[in-house]
2 protein chains.
Amino acid sequence: MARDKYDLFYWPGIQGRGEFVRLALEDAGADYRDVARLSKAEGGGMEAMFALMKAPGLAPFAPPFLRHGKLVVAQTANILQYVAPRVGLVPAAERARVHAHQLQLTIADFAAEVHDVHHPIASSLYYEDQKIEAHRKARHFREERIPKYLGYFERLLAGNAGKGRVGHALGKFSYVDLSLFQVMAGLGYMFPRTMQRTRRKYAHLYALAGKVELRPRIAAYLASPRRLPFNEQGLFRHYPELDAQ
Amino acid sequence: MARDKYDLFYWPGIQGRGEFVRLALEDAGADYRDVARLSKAEGGGMEAMFALMKAPGLAPFAPPFLRHGKLVVAQTANILQYVAPRVGLVPAAERARVHAHQLQLTIADFAAEVHDVHHPIASSLYYEDQKIEAHRKARHFREERIPKYLGYFERLLAGNAGKGRVGHALGKFSYVDLSLFQVMAGLGYMFPRTMQRTRRKYAHLYALAGKVELRPRIAAYLASPRRLPFNEQGLFRHYPELDAQ
């Protein structure tokens, strides 16, 4: 039987929210194309993405979105919820899927807050035009929001960890763990000084991130040109003045 | 057969994000308790809510959450996705459920932006301590974000509206329509001057909101003490200085 084919549509130059989906498709060894990163001759490029966004009916509000057969699914957490049972990245039971999605939506809330650290006033303005507000917001984010979110996930993982065993978000491996790896990687890039001091505080999160990084397909992906570098157009941005001093 | 029983947990003094769930449960005529609004003698109150948030395992990150039997479901859009097929507020087909959820997550993104208008720097600070930033953000929100989100939903409804018929988010009535009603009601409270000028621009959204308001159970709910008034502790807040002048 031929494997299912997936078309991912996302901004071609950044990890951004699309990266949570890329990690899942890569870990599953799914047959997918990252359409906006393909050439026009291959049927890709930004035009292919924009064409779908202008389609009548249920056009997505924003990237990322995933095409599977005739269905187009948008919203990062919704895409993961849709694709994960099809590629074996979440247990089949409804209870597990509901909880995985609940955790993924909490990660999505955190991702939105990460974005707003460098864009506290408006997405339409450059960072440079809202630097003063960003500086004020970053301190609250580092001192209140990171501990609130990471503390929540750390307790969750600690509760699921056995003696000497790494804890997973759901008790067993799922796509949520891949997203938690991305959160830790992103925060490490964004706030190296802040995060460097948290190795012991979030020991279970670091252990999980380390384990995810060793998964063969993830290791191969991270070493490949398909993994875009973090940069200052994406979600996690490194502005040294926003980090702890 | 006895009807399913649901326990909703949410802050007792505000509409907030819990209101999207209340509207669905009310419209469905579901057998539910709004636990934190009950007395301690009835097994309710804030203590009952906090106890669940401190439970080991998959304790929710934040209210609202819904208990159905032994399952506790958190995250507004996740709750709606879980409960809607059980109470007849979404078509059974996967395609319809995926699209309904995608739209609901877009409404959730908008709700987060609504909150950040009055809290652009930190949730932990009072509005009064971030008024200057809120004033700057509110202009961008009114002039860029409201048109972006409402324009998207207006086009969606227009595409689904027949001749002289009110358009629904999914073609037929669903819980998403209830949430769109709440968005329009909330914005009308938050920014009366801004919204007053948009009757023609968002004609389909206003028509849908009007139709929802006439649904017998919604009309009864809105006239009851169960519908809390909007206030300045909730999601949609009326600060005249943030509205158009």
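Modeller: Note that the model is predicted. We can start with the cavities.

Colleague: How many charged residues does the lining of the second largest cavity have?

Modeller: The residues around the second largest cavity include A:Gln15, A:Gln182, A:Phe230 and A:Asn231. By class, this lining has five nonpolar and five polar residues.

Colleague: What volume does the largest cavity have?

Modeller: The largest cavity is lined by residues of chain B, among them B:Ile14, B:Gly16, B:Pro229 and B:Phe236. Its lining has five nonpolar, five polar and no charged residues. The second largest cavity has a volume of about 50 Å³. For the largest cavity, the volume is about 60 Å³.

Colleague: How many cavities of 30 Å³ or more does the count come to?

Modeller: The largest cavity, at about 60 Å³, is over that cut-off. The second largest cavity, at about 50 Å³, is over it too. The count of cavities of 30 Å³ or more comes to five.

Colleague: Which residues lie nearest the centre of the second largest pocket?

Modeller: The second largest pocket holds about 360 Å³ of space. Helices α3 (76–87) and α4 (94–118) of chain A, and α3 (76–87) and α4 (94–118) of chain B, each supply at least two residues of its lining. The lining has 16 residues, and those nearest the centre are A:Gln81, A:Arg97, B:Gln81, B:Glu94 and B:Arg97.

Colleague: How many charged residues are in the lining of the second largest pocket?

Modeller: Among the residues nearest the centre are A:Arg97, B:Glu94 and B:Arg97. The lining as a whole divides into six nonpolar, four polar and a charged group, and the charged residues number six.

Colleague: Which residue of chain B comes closest to the rotation axis?

Modeller: Chain B superposes on chain A by a rotation of 180° with 0.0 Å of shift along the axis, at an RMSD of 0.0 Å. The two copies are therefore related as by a two-fold rotation axis. Of the contact residues of chain B, 100% recur in chain A, so the same surface serves both copies. At 2.9 Å from the axis by its C-alpha, the closest residue of chain B is B:Pro120.

Colleague: Which residue of chain A forms a salt bridge with B:Arg136?

Modeller: The pair crosses between chains, from helix α5 (residues 131–160) of chain B to helix α5 (residues 131–160) of chain A. The closest N and O atoms are 2.8 Å apart, and the partner is A:Glu133.

Colleague: How many residues apart are B:Asp27 and B:Arg215?

Modeller: B:Asp27 forms a salt bridge with B:Arg215, with the closest N and O atoms 2.7 Å apart. The pair links distant parts of the chain: B:Asp27 is in helix α1 (residues 18–28), B:Arg215 is in the loop between α8 (203–214) and α9 (216–222), and they are 188 residues apart.

Colleague: Is B:Asp34 buried or exposed?

Modeller: B:Asp34 forms a salt bridge with B:Arg37, the closest N and O atoms being 3.2 Å apart. B:Arg37 is partly exposed, with a relative accessible area of 28%. The cut-off for buried is under 20%; because its relative accessibility is 11%, B:Asp34 counts as buried.

Note on methods: Residues numbered from 1 in each chain as written. Chains lettered and ligands numbered in written order. Predicted model: local features only at pLDDT ≥ 70, side-chain atom pairs only at ≥ 80, totals over all residues. Heavy atoms only, no water. 1 Å grid on protein atoms, 1.4 Å probe; cavity = no way out; pocket = protein on both sides within 12 Å on 5 of 7 lines; lining within 4 Å. Points joined across faces, edges and corners; volume = space filled by probe spheres on them. Helix = DSSP H or I, 4+ residues; strand = E, 2+ residues; numbered from the N terminus. Nonpolar A, V, L, I, M, F, W, Y, C, P; charged D, E, K, R; others polar. Least-squares fit on C-alpha atoms with pLDDT ≥ 70 in both. Contact = heavy atoms within 4.5 Å. Salt bridge = Lys/Arg side-chain N within 4 Å of Asp/Glu carboxyl O. Buried < 20%, exposed > 50% of the residue type's maximum accessible area, 1.4 Å probe, protein only.
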